[in-house]
Amino acid sequence: MASVTLQHVEKDYGSLRILHGVDLEIADGEFVVLVGPSGCGKSTLLRMIAGLEEVTGGEIRIGERLVNDVAPKDRDIAMVFQSYALYPHMDVSSNMGFSLMLKKAEKTTIDGRVGAAAKRLGLDSYLGRLPRQLSGGQRQRVAMGRAIVRDPKVFLFDEPLSNLDAKLRVHMRAEIKALHQQLKTTSVYVTHDQVEAMTMADRIVVMHDGYVQQVGHPLELYDRPVNTFVAGFIGSPGMNFLPAKVAKGGKVDAVLADGQKLRLPDGLPLSDGDALTIGLRPEHIRLADDGALKAEVEVVEPLGLSTQFYVRLANQQICVFVMGRSDVKPGDIIHLAADPTSLHLFDPAAGSRIG
Amino acid sequence: MTYAVSEIRAAGRPRKQRLSRAAIEPWLYLSPAIVLLVVVLLVPLIIGISYSFRKFSAFKSEYVGLGQYQAMLSDAVLGQALVNTLWWTVASLFFQFFLGLALALLLDKPFHGRKVVQAVVFLPWAVPSFLSGLTWAWLFNPIIGPLPHWLFALGLKAEPTNVLSDPATAMWGPIVANIWFGIPFFAITLLAALKSIPSELHEAAAIDGASPWQRFTKVTLPFLAPTIVITVMLRTIWIATFADLIFVMTEGGPAGSTSTVPVYIYVSAFKSLDKGYASAVAVLLLVLLIAYAIGLIAIRRTLVRHV
């Protein structure tokens, strides 16, 4: 096992810069998830760690060793691809033992390690099958098995669950996490699905347009997003954003576009008339009897356990999430309230967090 | 649901009649295609085979049973033609395949101007075989072509004479022309097969520790194998029955040294005017090629099982 260190890693395709100086320290045994929308550079970064893409600038270290110019096979890593990339003409045990066979390991060693990995993944009875005779979830497990058999220093996952149906994805998510808890191998996992990131990661790296936006524990990102991008990306249903202006009286208020007022927390570096973007998580909005905010209900989504409303507030549709059930119907006017400490305030120009 | 036994019996009886109608019905729908296939494929084949049991002379033909086949047994020229056919087919195929594979592997790598090179490489395929035969015959001609002089300059020939006029070397002329003519076929089909290999497979193999040669033998070749078998089979049949180049360049000569079976069939039918004998030889070639194809398809079946 080993740590992975990225120092100002850059990647250009021709004149197009894909990654703008990524710095990241991944500790030994940590499970780090790179998350972001497609085109943000997360897969490229992973492929650079694997050695499948050349490094334009900066340094990549696995353990203490600088690996910029080391071939993929000498980096002591294993990768699980989105398409699984199983060798279609080899059966499951040959697929899993391929790397050991290339290393000219003893047949008994190969059989032992393949057998152990297969047992761990519940593939014992499929060892003689070809990949096309397996279901999607089984193929995914074979791809994992191929990685485990190598006993690498680092596991790299490139959207490994994207090709599975929703139910299986949830199941495999838990399985990968359990596997990591057993093996404790340093893992870097790429996904565009923030739920996957939140549920699996020790730490999440949010990327956007080739820049790292924020690195942190899942709940840290949820509770204190550093900018509007992270705030909007993490969490489902997503955070609501409302433009507002600061109005300082005895207390500090925010004036929304339609003139309604919302109490802001004290002690922030705000002056009268400042423009603001207020971030409000749907579950932090309460239905009140006569709160400060009036809104018209447009859509009601009853989910049984909870109810989601889409309401029009200050000429914007925002989402409200409440536990339990509700009699509120579309067209109703409801009153909303939010605790000042639950608000996230952002600079509307830079998008960065205030306070 | 539950039925009384008598009800089931009652329901079963009219079904029998319907079944026989149902058995005929699909064949009626298929009949236009079947009639067309029989008329276009089977009838000429059967007539051709029936010719091989007859002897043709200027104004009449007579039934001679297996006479033409008996004549083949003692025909030394036919024996030579069979050997020539084998030599012509194996040599052409060997070079076409390996050069075509090399070309496909080169064209699979990205480089500047690849599109143009691809288009140029596939040109020989588009040239009519008679034209390429004539061009190559002229290239080998010491009076107008450069090849004999180059071979002489390289020390491969004692004097700059025509390769095609020496019985010992004449076969190489059409073979070289045929290699030039047939490389694009393998390059096109193998390149298409190469393009169908997902790049992630090569990446996975690279991470697993495979060297470029191991990636070729363990990933690329198994993927290409089914395509290779089918193209080699098609190509063998085409080359074995392909007479244009030889006929244009040497007419089977000198001294029968380039006479392959198809050339011999042509000469028998239209020069010796013995259509019966030509048909018998053609049937022999047909049987040989069918046997070859069956063998190769059996091999392919074992390969395809894995992909």
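Trainee: How many helices and strands does chain B have?
Mentor: Chain B has 13 helices and two strands, where helices (H or I, at least four residues) and strands (E, at least two) are DSSP runs numbered from the N terminus. This is a predicted model, where local features need pLDDT of at least 70, side-chain atom pairs count only at pLDDT 80 or more, and totals for chains, interfaces and linings use all residues. Residues are numbered from 1 along each chain as its sequence is written, while chains are lettered from A and ligands numbered from 1 in the order in which they are written.
Trainee: OK, now a helix pair. At what angle do α8 and α10 of chain B cross?
Mentor: Roughly 155 degrees, and the axes of α8(B), residues 172-195, and α10(B), residues 212-240, come within 10 Å. Axes are lines fitted to C-alpha atoms, for helices over the stretch in contact, with angles from 0 to 180 degrees between N-to-C directions. So α8(B) and α10(B) are roughly antiparallel (angles over 145 degrees).
Trainee: Which residues of α8(B) and α10(B) meet?
Mentor: Among them are B:Phe185, B:Phe186 and B:Leu190 in α8(B), and B:Phe223, B:Leu224 and B:Ile239 in α10(B); contact means C-beta atoms, placed from the backbone, within 7 Å.
Trainee: Switching topic: what does chain B span along its principal axes?
Mentor: The C-alpha trace of chain B spans about 100 × 75 × 30 Å.
Trainee: And what share of the contacts in chain B is between residues 24 or more positions apart?
Mentor: That share is 67% of the contacts with a separation of 6 or more.

Conventions: Parallel < 35°, antiparallel > 145°, perpendicular 65-115°, else oblique. Contact = placed C-beta atoms within 7 Å.
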